[in-house]
Amino acid sequence: MWMRLLLAVPLLFMPNMLHLSVETGIPGLNLANIIFIIVLGALLMGGKRYAPLEPRGYLTPALLLLFAALTIAFLIAQATMPRNFMEDFTYLKNLIFYPLLYFVYRRCGQDAKGTRQLIIFVMIVAAVAGLEAIREGLDYGFGNYNESRRASGPFGTDYSTANRAGVFYAMFLPMFIAMALFFRKQKFWRLAAIGGCGIMVIAIMATYSRQSYLIALVAFALLLVRRNVVLAVIIAALMVPAIGLLPESVTQRVAETEQQDSVGEEQLDVSTASRFEIWGGATQMWTEHPIGVGLNRFKQHIGTYVPRYAGYDAHSIYFLMLAECGPLGLLALLFLLWRVLWMGVRFTRSVPASDAEGKALSLGFILLAVSTGLGNVYGSPFFEGAVMANFWALCGLMEHYFALKRRAPAPGAALVPGAAAGAPAPAMQGIGDRFPLAARMAPRRYGKDKD
């Protein structure tokens, strides 16, 4: 029990780390690193009890390839544009650090009940983070849209991190939707999931993140189609007139994507148009530096290609990886996302149709992977610890949970006294085996040596 509580600490801390910022006084070491070291040390001291159920994690090769690509990009940066070495090294450490939570939680050593509780706790933490965004939205008011009055939840102190907050809520929304749709007999958890859906949706609206609106709609549509095509059509028809019930500021934000210029022609708003210009500059950057400009060097180079956006972020993890790490970095990232997605597919295929919980969690995880990929098209929160730490922890927990399910004995299988755990009993046993005294009284009739 104490280990389960210890494992819950990082899950609670990581999304809220900005609220609990503590300086350690040690360069390159923060409170998140210390908590990680404590949890990892406790697991290692537990020995084989906390060994992973499978010798190699499904995401291990992809993560190692990504770490290698980031390290090569770090070396390129030191060779071509050396700056503060310790600052660059800390930056590399932070990129590699948060995915390590996957390795920790896949060896959590919990039974099925404990693992399920940790998965639920991840979702509770996400819902509480959503409540913080809702509170901010209510404080600001849902009147006319104002760029500086966007909710950021625990992910920042002002509107500049609202998009990251929106991506986080959109990532975890499918887990709640899947539980609400596929938990047929577990009424309490179904109602709790519906409440979680409501929290996530309102939180997304409070961030005014247009990409998060799109991600949420895509995830909802795919899960509805998977659940029942007729139901999906009915809900889609009802959603069209329901758009008018949304706060005016939300519809205003979406409408701002396209604006009319002075002569009445449609054009993209400044925020959207700037991204295409920056992405064009990133492509030119890669053309001139085929192996990448080096880790953490995009902002120093982008002004050469798009002068008015000097010092800007790439606003897309894919263009950022291509520009800084070259094709190897981009391929490593895409390979990792593919492995996460395919791991979810394997989960779905490994559980029987009667297992509503397994189906809900696996389908929700698949859409979580899709949402994560989409959330990094229009932004680059992939290496943001507050946004992604619990994602990596959930990957490890899900792998452990479904490994437990695969090892569980078949329902209704009896166990023979003295047999190994999980071994099914023989279909039929002789009377002599079941009643040894009868075998001794009539050995020729009931004994093992009868003709």
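## Charges over a ring

Arg-346 lies over the face of Tyr-58, 4.5 Å from the ring centre. Arg-339 also lies over the face of Tyr-58, at 3.8 Å from the ring centre. A charge sits over a ring if NZ of Lys or CZ of Arg is within 6 Å of the ring centre and within 35 degrees of the ring normal.

## Basis of the model

This is a predicted model, in which local features need pLDDT of at least 70 and side-chain atom pairs count only at pLDDT 80 or more, while totals for chains, interfaces and linings use all residues. Residues are numbered from 1 along each chain as its sequence is written, and side-chain values use heavy atoms, with hydrogens and water left out.

## Aromatic pairs

There are 22 aromatic pairs in the structure. The ring centres of Phe-85 and Phe-89 are 6.2 Å apart and their planes are at 15°, so this pair is stacked. Rings of Phe, Tyr and Trp (its six-membered ring) pair if their centres lie within 6.5 Å; planes under 30 degrees apart count as stacked, over 60 as edge-to-face and the rest as tilted.

Ring pairs also join Phe-155, Phe-168, Tyr-169 and Phe-172 into a cluster.

Phe-85 and Phe-89 both belong to helix H4 (residues 85-97), four residues apart, about one turn of the helix. Helices (H or I, at least four residues) are DSSP runs, numbered from the N terminus. Phe-85 is partly exposed, at 47% relative accessible area, and Phe-89 is partly exposed at 39%.

The rings of Phe-97 and Tyr-98 have centres 4.8 Å apart and planes at 70°, so they form an edge-to-face pair. Phe-97 is buried, with a relative accessible area of 6%, and Tyr-98 is buried at 7%. Buried means under 20% relative accessible area, exposed over 50%, and partly exposed in between (1.4 Å probe, protein chains only).

Terms used:
Helix = DSSP H or I, 4+ residues; strand = E, 2+ residues; numbered from the N terminus.
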